[in-house]
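Please keep the sequence and the model in view while reading.

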Amino acid sequence: MRKLYYGLTCGVFLLSGCSSAGESNGENENSEAQTEEEPEKQEQEDESITIGAAGDVLLHGRVYKRMEEDGEYDFTPALKAVTPMLEEPDYTIVNQESIPGGEELGLSAYPSFNSPYAIVDDLQDAGVDMLSGANNHTLDRGMEAVNNAINHYEQTGMDYVGVYKDEEDANRQRIIDVKDVDMGVLSYTYGLNGIEVPEGHEYVVQEIDKEKIQEDVKAIRDESDIVVVNMHWGDEYERLPNEEQKELAQFLADLEVDVVIGHHPHVLQPMERLEGEEGNETLVFYSLGNFYSGQDNDYTDTGGVATFDVEKDGEDVKVTEPNIDFTQVVPGPEDQYTVKPMAEADHPANGGETEEELHEHVYQWLEDEQ
Ligand SMILES: [Zn+2]
């Protein structure tokens, strides 16, 4: 099933460099034989994994209300067409912008969101492994929504980062073993829509603070093969990163962060590779746009599933094959908001953009890696 999807994508984007993304399995098949013959080479294990990431899941009333039947919410039909894109990577991270504090609290939408629990279950069934929770809507419905959401994450076994239930949870490093590659994940937001963090709950969400980021990155870097940082930043509806994003991206590169995953602008922004002070390379996705929302401004109905490969050869770790496969939110069979691979959307995009145009847009600073 996974190969099938990549075959399809490569057919659509001959230039997008997706050829090796699906070929990351099976490298250990001969490891036993090698160990017997050449024991000294055992630690030179060759690993390759694919990581995926998607942008904002922001459930407006018109999105979730249309997925309700008899008081139950089911987002499966809306996510079905993009499930192969989320399942294909070895590990997939999504920005859960509207907090899933559950029905018991009363669901709500803009400007103060609270989403049904089912979105967590259905994203998980669709192939999402981790939700990033640090964003400007984290505290929309206070600590109760946060605690409900985290309880639900724990019940379903959904990994989460950027939003925490207590001090201990906030201090627990997120280091994910993805097929023997240890990936450290962090998550920060530029702000909380003016909502004050309740006193005594300073652990709940991490805001962008260079000193804290530096401390966190240093600590997690020692324990991880790669470090991925989610950044909720930038200006809404701007198709290019602002000066602050650029400056922060360079700051993260200088800390030897390997990959930066950006969200908040609700539109796709380009990818870039930066060189850090130590001569290291950092891959930056400035913004992945909306993944699943009811926004209808220009360019907000298109987003993408980003992928990159991590190749580990002993101590040497490389991030390769940066790619974005485009998605579009389109009216579903009964006017629901449905996410589709853009190639299958069969519906004009709000900004009139085509896949080719988006491809050029996101690769404009990475032309030699198309
Ligand atoms: Zn946001």
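The points below go from the whole chain to its sheet, strands, helices and a single loop residue.

The structure is a predicted model, in which local features need pLDDT of at least 70, side-chain atom pairs count only at pLDDT 80 or more, and totals for chains, interfaces and linings use all residues. Residues are numbered from 1 along each chain as its sequence is written. The protein chain has 12 helices and 16 strands; helices (H or I, at least four residues) and strands (E, at least two) are DSSP runs, numbered from the N terminus.

**Chain and core**

- Of the 370 residues of the protein chain, 48% count as buried. A residue is buried if 20 or more other C-beta atoms lie within 10 Å of its own, exposed if 12 or fewer, and partly exposed in between, with C-beta atoms placed from the backbone.
- Among contacts in the protein chain with a separation of 6 or more, 73% join residues 24 or more positions apart. Two residues are in contact if their C-beta atoms, placed from the backbone, lie within 7 Å.
- The largest nonpolar core has 94 residues, and Val260 and Phe285 have the most contacts inside it. The largest share of this core, six residues, comes from E1. Such a core is a set of buried Ala, Val, Leu, Ile, Met, Phe, Trp, Tyr and Cys residues joined through C-beta atoms within 7 Å.
- Phenylalanine 285 touches Ala53, Val260, Ile261, Gly262, Met271 and Ala306, not counting residues up to four places away in sequence.

**Open sheet**

- Six strands form an open sheet in the order E7-E8-E9-E10-E12-E11, with mixed pairing. Its edge strands are E7 (174-178) and E11 (268-275), each of which pairs on one side only.
- From one strand to the next, the twist averages 20 degrees.
- Strands E11 and E12 (residues 281-288) run antiparallel and are joined by seven bridges. Leucine 274 stands opposite threonine 282 in E12.
- Two strands pair if DSSP finds at least two bridges between them.

**Strand E1**

- Strand E1 (residues 46-58) is largely enclosed by the rest of the structure, because 11 of its 13 residues are buried.
- Nine bridges link E1 with strand E14 (residues 302-313) in an antiparallel arrangement, and glycine 52 stands opposite threonine 307 in E14.
- E1 also pairs in the parallel sense with strand E4 (residues 91-96) over six bridges; valine 57 has glutamine 96 in E4 as its bridge partner.
- Three bridges join E1 to strand E13 (residues 290-293), and these run parallel. The bridge partner of leucine 58 in E13 is serine 293.

**Helices H6 and H7**

- The axes of helix H6 (residues 118-125) and helix H7 (residues 142-156) come within 10 Å and cross at roughly 35 degrees. Axes are lines fitted to C-alpha atoms, for helices over the stretch in contact, and angles run from 0 to 180 degrees between N-to-C directions.
- Val120, Asp121 and Gln124 in H6 meet His152, Tyr153 and Thr156 in H7.

**Leucine 192**

- Leucine 192 lies in the loop between strand E8 (181-189) and helix H9 (210-221). This residue counts as partly exposed because it has 18 C-beta neighbours inside 10 Å.
- Leucine 192 touches Asn136, Thr138, Leu139 and Val205, not counting residues up to four places away in sequence.
- The C-alpha atoms of leucine 192 and glutamate 207, 15 residues apart along the chain, are separated by 8.2 Å.
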